[in-house]
Amino acid sequence: MGEHYFAERPGAAERRRSVDLVLPDLHLRLDTDSGMFSPDRVDPGTRVLLETAPAPPQAGDLLDLGCGYGPIALTLAKRSPQARVWGVDVNQRALALAESNAQAAGLDNVRFCPGDEIDPGLRFAAIWSNPPIRIGKAALHDLLLAWLPRLSPAGDAHLVVQKHLGSDSLQRWLNGQGFPTERIASRSAYRVLRVAPRTEGPTP
């Protein structure tokens, strides 16, 4: 993979290309670059999430956690034109490309930024993510514990995780943290998890 895609300012030489995201309800041409997640194709896990998760809420604030160059956030913006979509990432190069991809697609209901630029009091009707598993378990847990409590009471999150990268153990951990979690889809070694708002504190 070369340099980690979760670097804030990738040092890899730029190598622009484009990929196509083709779903039954939309077709997006997305510019990508070196130094970010899955630059040569839309990641298969992302595709599984977008093809199997239920329709997103039609209003409210929606979050793509770890947005990269934007395939999930832009799909949410396209499917929920009355909603306000946020894409957050640490990778500045990816955020800039996601913004230009939104402009090219004519989507003005989506904003891309680092997570610390979002109002801490904002609550999300939905969180969708192909989470950055390779940042390590502790960092991943910290990331999820920073954002999942920001679901609105009626909201939910949908995460896609490869089985061999720990989807089952992540599901158990989320349940242990008080977030009711169930598997809603399984395809090509990927699991899509639905996470409900926290109902109780972590299991001791």
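Predicted model: local features only at pLDDT ≥ 70, side-chain atom pairs only at ≥ 80, totals over all residues.
1. Strand β7 (residues 151-162) and strand β9 (residues 190-195) are antiparallel, and 6 bridges join them.

2. Stepping back to the whole sheet, you will find 7 strands with mixed pairing, and the sheet is open. Reading across, the order is β5-β4-β3-β6-β7-β9-β8. The edges belong to β5 (110-113) and β8 (181-187); each has a single partner strand, so one side of each has no neighbour in the sheet. From one strand to the next, the twist averages 15°.

3. Now for what lies against the sheet. Helix α4 (residues 137-147) packs on it, touching β3 (61-65), β4 (84-88), β6 (124-129) and β7. The direction of α4 makes about 175° with that of β3.

4. Helix α4 also packs with helix α5 (residues 167-176), at an angle of about 45° and with the axes 12 Å apart. The two helices are therefore oblique to each other, and α4 passes α5 in a right-handed crossing.

5. Which residues of α4 and α5 make the contact? From α4 come L140, H141, L144 and L145, while α5 supplies L170, W173 and L174. Sorted by class, this contact of α4 with α5 has 6 nonpolar residues, 1 polar residue and no charged ones.

Methods
Residues numbered from 1 in each chain as written. Heavy atoms only, no water. Pairing = 2+ DSSP bridges. Helix = DSSP H or I, 4+ residues; strand = E, 2+ residues; numbered from the N terminus. Axes fitted to C-alpha atoms, helices over the stretch in contact; angles between N-to-C directions. Contact = heavy atoms within 4.5 Å. Parallel < 35°, antiparallel > 145°, perpendicular 65-115°, else oblique. Left-handed = near helix turned anticlockwise from the far one by under 90°. Nonpolar A, V, L, I, M, F, W, Y, C, P; charged D, E, K, R; others polar.
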